[in-house]
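Here are my notes on the model, as numbered points. Please read them with the structure open.

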Amino acid sequence: MPSPFPGMDPYLETPAYWRDFHITFLNYWREAIADRLPGNYEARLEEQFRLVEMPPEPNRVRVPDVSVLRRDPSPSGGGVALAVAEAAEPITLTHVDLVEVREVRLELFHNPGRTLVTVLELLSPTNKRNPDRGEYLDKRYGLLRRRVHLVELDLLVGGQRLPMLRPLPPGDYYALVTRAERFPDCDGYAWAVRQPLPPIRIPLRAPDPDVVLPLGEVFATAYERGRYAPVLDYHQPPPAPLRPEDSAWAAEVARPRAAAAPPSDSANGSSLQ
């Protein structure tokens with residue numbers, strides 16, 4: 001069953017399903033690109049795991065780990081003293097809370113030699129909030145300094161946008177295509193929640209022509225193959241932090257789908273990553 005929305009479905013911006021959608025979209029993004037690549041290219045998914053330290057709980061009091069020493073005089077009255085260690089009361093300590101974050105991106109290689117040409121990223125919430133945003137930006141600039149093309153797709157309304165010298169044009173969703181030979185300039189695509197996802201151009205190694213990729217088709221395939229229609233809770237306001245008028249519009253668009261399905265309790269999942 002297709003999404004009721006003309007473009008990106010704002011109900012996917014929910015903790016319970018975003019991570020699954022992220023992986024599903026990347027899989028079909030890879031298939032769509034592979035079908036259009038020249039024979040001397042390959043498209044591969046690159047997966048990394050890393051541990052992220054969660055912020056400490058506020059107002060936690062930490063007691064120093066000490067024992068008390070009592071100095072007793074010698075019974076003989078001499079100057080010799082005996083230090084007796086009394087058992088200290090146990091204190092509560094807390095382990096550092098680490099969460100495993102899975103990062104997946106799409107990489108295009110040129111053969112022979114398997115040279116990395118283009119990296120395609122679908123941004124996650126961890127890429128758009130501190131402290132992990134800083135790590136993503138470091139990795140981003142490292143790729144650009146290597147003279148690699150970089151395509152960044154932001155299908156999340158929430159979180160901080162990628163930093164640019166000039167303000168981004170108005171929009172709810174963005175795609176930034178940075179060509180190695182044009183850095184620090186890039187091609188920007190912006191569109192609203194009421195608009196379809198646009199086709200974007202994926203750069204390859206010169207003189208090979210760009211691959212024109214229809215993002216709308218990739219999204220439609222990912223949505224249907226991911227079977228999100230029966231599990232997204234269209235009875236509630238959209239979880240994406242849209243403008244009030246767009247949020248009301250989205251709820252109205254979702255109303256027929258909500259009427260055809262019982263309320264879902266699965267939208268309350270773990271935090272977005």
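1. Start with Glu42. Glu42 is buried, at 15% relative accessible area. The cut-off for that class is under 20%, so the value of 15% for Glu42 falls inside it. Keep in mind that this is a predicted model.

2. Which side chain does Glu42 meet in a salt bridge? The partner is Arg114, at 3.4 Å from N to O.

3. Glu42, at 15%, is buried.

4. Arg201 and Asp210 also pair. Their side chains form a salt bridge with an N to O distance of 3.3 Å. Arg201 is partly exposed, with a relative accessible area of 40%. Asp210 is partly exposed too, with a value of 23%.

5. Next, Glu245 and Arg243. Their side chains meet in a salt bridge at 4.0 Å, N to O. The cut-off is within 4 Å, so please check this pair when you apply your own criteria. Glu245 is partly exposed at 47% relative accessible area, and Arg243 is partly exposed at 38%.

6. That pair is part of a network. Through salt bridges with shared partners, Asp172, Arg194, Arg243, Glu245 and Asp246 are joined together. The structure as a whole holds 18 salt bridges.

7. Now the largest pocket. Its space comes to about 470 Å³. How many residues line the largest pocket, and which lie nearest its centre? The lining has 21 residues, and those nearest the centre are Met164, Leu165, Pro184, Asp185 and Cys186.

8. Where does the lining come from? Helix H2 (132-145), strand S7 (173-178) and strand S8 (187-191) each give two or more residues to the lining of the largest pocket. S8 supplies the largest share, with four residues.

9. On the make-up of that lining: 15 residues are nonpolar, two are polar and four are charged. Asp185, one of the residues nearest the centre of the pocket, belongs to the charged class, because Asp counts as charged. Met164, Leu165, Pro184 and Cys186 are also nearest the centre, and they fall in the nonpolar class because Met, Leu, Pro and Cys count as nonpolar.

Key:
Residues are numbered from 1 along each chain as its sequence is written. This is a predicted model: local features need pLDDT of at least 70, side-chain atom pairs count only at pLDDT 80 or more; totals for chains, interfaces and linings use all residues. Side-chain values use heavy atoms; hydrogens and water are left out. On a 1 Å grid over the protein atoms alone, a cavity is a set of points where a 1.4 Å probe fits but cannot get out, and a pocket is an open set with protein on both sides within 12 Å along at least five of seven lines; lining residues have an atom within 4 Å of a point. Grid points are joined across faces, edges and corners, and a volume is the space filled by probe spheres set on the points. Buried means under 20% relative accessible area, exposed over 50%, partly exposed in between (1.4 Å probe, protein chains only).
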